[in-house]
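The sequence and the model are shown first, and the description follows.

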Amino acid sequence: MKRALITGVTGQDGSYLAEFLLEKGYEVHGIKRRASSFNTERVDHLYQGPHVSDRNFVLHYGDLTDSSNLTRIISEVQPDEVYNLAAQSHVAVSFESPEYTADVDAMGTLRLLEAIRFLGLEKKTRFYQASTSELYGLVQETPQKETTPFYPRSPYAVAKLYAYWITVNYRESYGMYACNGILFNHESPRRGETFVTRKVTRGMSNIAQGLEECLYMGNMDALRDWGHARDYVKMQWLMLQQEEAQDFVIATGKQISVREFIRLTAAELGVTLKFVGEGVEEKAVVERVFGDKAPAVKEGDTIVAVDPRYFRPAEVETLLGDPSQAKELLGWEPEIAVEQMIKEMVANDLDAARQHALLKSHGYDVQVAREG
Ligand code: NDP
Ligand code: GDR
């Protein structure tokens with residue numbers, strides 16, 4: 001039985017990857033952080049208590065800022081594969097906490113690689129680094145592929161640039177099987193609520209059910225190549241099953257704007273929108289409501305507006321990936337299109353909004369957290 005260690009197992013990708021590896025028969029170990037409230041919601045369905053015999057899903061307390069902790073966990077687990085998915089992964093937040101972001105995203109990667117080397121596991125343990133399309137930042141070539149020069153535009157991306165190169169360096173210096181998946185944005189119903197896609201599907205579902213009135217957005221011109229997280233974790237595994245370690249771009253090869261994402265989400269909720277005004281004055285007004293998914297919305301309502309607080313000090317305006325190398329060498333194709341993903345995200349968020357609305361209509365005080 002193969003043993004995998006996933007850092008960031010409580011995150012979006014970590015939870016899908018854990019499911020995927022368990023289905024493949026792996027023993028899966030994950031690192032979770034100590035928090036003052038539960039933070040394992042995305043993997044609770046996989047939980048096995050310490051008294052279950054033949055446990056194949058085990059969580060360890062840990063943190064990427066703590067070398068001795070990481071070394072101890074790797075020494076205990078003796079993993080065949082390490083997937084480094086843990087990160088302060090929010091680009092906007094990295095401008096607020098740049099030093100912490102560097103510590104976790106850059107130094108954390110070094111700490112893991114160094115722990116593997118220190119323990120003499122460099123010929124046994126294969127290492128996957130969660131690299132990112134944010135490395136391309138101010139894009140130098142379109143579409144972006146493995147050979148496109150990097151130009152990071154945030155403390156997050158600069159930290160991830162270090163992590164990218166230190167992974168390459170350990171491969172070249174010590175013969176480690178270590179590789180980077182350069183993944184473009186990928187989403188799902190499990191996406192963190194403050195990333196733009198989930199903010200939109202959740203916020204608009206709440207508006208549809210009368211729990212919020214207006215969604216405040218940043219740069220709606222931004223263009224992204226959005227895929228589905230479930231599709232992308234397969235690739236993370238596949239990249240560690242090759243004869244030689246190599247870095248791969250993972251993307252759909254299609255892009256749409258944030259504005260278009262909002263329009264598609266509204267359509268899924270039975271609402272057509274008209275965008276009027278420009279820049280910070282831009283807003284989306286309801287043109288028509290059809291079906292029964294958005295009972296709280298009526299024609300002429302303004303349900304989206306711009307709030308400059310969501311603009312970033314430096315923005316990545318456009319990202320579009322070229323996944324040809326992954327298609328050619330790994331036989332990989334993304335299976336879930338953005339429209340289908342929006343359907344799934346809206347179904348999930350609308351369900352939660354309906355439950356909240358029902359509680360509210362029975363007099364319960366329902367708070368909907370919406371900062372971010
Ligand atoms: P999430 O933000 O959903 O998950 C991040 C995970 O890292 C969480 O489990 C979080 O724990 C954990 N974490 C954060 N800080 C620390 C720390 N100091 N020590 C240990 N664990 C920590 O990210 P995603 O699942 O979306 O992304 C996975 C990885 O892929 C990240 O590295 C991200 O930067 C990268 N990436 C993501 C893309 C995407 O579009 N999703 C695209 C390209 C790259 P907790 O739950 O306690 O917060
Ligand atoms: P990104 O994702 O920065 O690409 O990083 P995010 O969803 O945060 O932003 C995408 C684009 O949407 C614009 N935007 C807004 N973003 C947020 N969060 N909130 C808003 O209100 C808003 N309005 C407009 C942003 O400016 C941006 O252009 C994600 C993360 O998962 C990273 O960890 C990962 O490396 C990259 O994707 C690939």
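Does K254 count as buried, exposed or partly exposed? K254 counts as partly exposed, because 15 C-beta neighbours lie inside 10 Å. In these terms, a residue with 20 or more other C-beta atoms within 10 Å of its own is buried, one with 12 or fewer is exposed, and one in between is partly exposed, the C-beta atoms being placed from the backbone.

The model is predicted: local features need pLDDT of at least 70, side-chain atom pairs count only at pLDDT 80 or more, and totals for chains, interfaces and linings use all residues. Residues are numbered from 1 along each chain as its sequence is written, while chains are lettered from A and ligands numbered from 1 in the order in which they are written.

**Overall form**

The protein chain has 10 helices and 15 strands. Its radius of gyration is 21 Å, close to the 21 Å of the globule rule for 372 residues, so the chain is as compact as a globular protein of that length. That radius is taken over C-alpha atoms, and the rule is 2.2 Å times the number of residues to the power 0.38. Helices (H or I, at least four residues) and strands (E, at least two) are DSSP runs, numbered from the N terminus. Along the principal axes, the C-alpha atoms fill a box of roughly 65 × 50 × 40 Å. Of the 372 residues, 44% count as buried.

The chain is divided into domain 1 (3-183) and domain 2 (196-223 + 257-314 + 336-362), with bounds from an automatic or database domain assignment. The centres of the two domains, taken over C-alpha atoms, are separated by 32 Å. An unreviewed UniProt entry lists residues 5-345 as "domain: NAD(P)-binding"; such annotations may be inferred rather than shown by experiment, and their positions are given in the numbering used here, with feature names shortened. Over residues 5-345 the chain is 35% helix and 18% strand.

**The two ligands**

A residue is near a ligand if its C-beta atom, placed from the backbone, lies within 6 Å of it. Around ligand 1 there are 26 residues, of which G8, G11, A86, A87 and A130 come nearest. By class, this shell has nine nonpolar, 14 polar and three charged residues. Its largest share, three residues, comes from α1.

Around ligand 2 there are 23 residues, and V91, T132, V196, G218 and A222 come nearest. The classes here are 11 nonpolar, seven polar and five charged residues. Ala, Val, Leu, Ile, Met, Phe, Trp, Tyr, Cys and Pro count as nonpolar, Asp, Glu, Lys and Arg as charged, and the others, Gly among them, as polar. Both α3 (91-96) and α6 (196-208) supply at least two residues of the shell. Ligand 2 lies between domain 1 and domain 2, because both give residues to its shell.

**Local features**

K254 is placed in the loop between β11 (248-250) and β12 (256-257). K254 and T101 are 153 residues apart in sequence and 29 Å apart in space, C-alpha to C-alpha. The peptide bond from T142 to P143 is cis, with omega near -5°, and P143 is in the loop between β5 and α5 (155-174).
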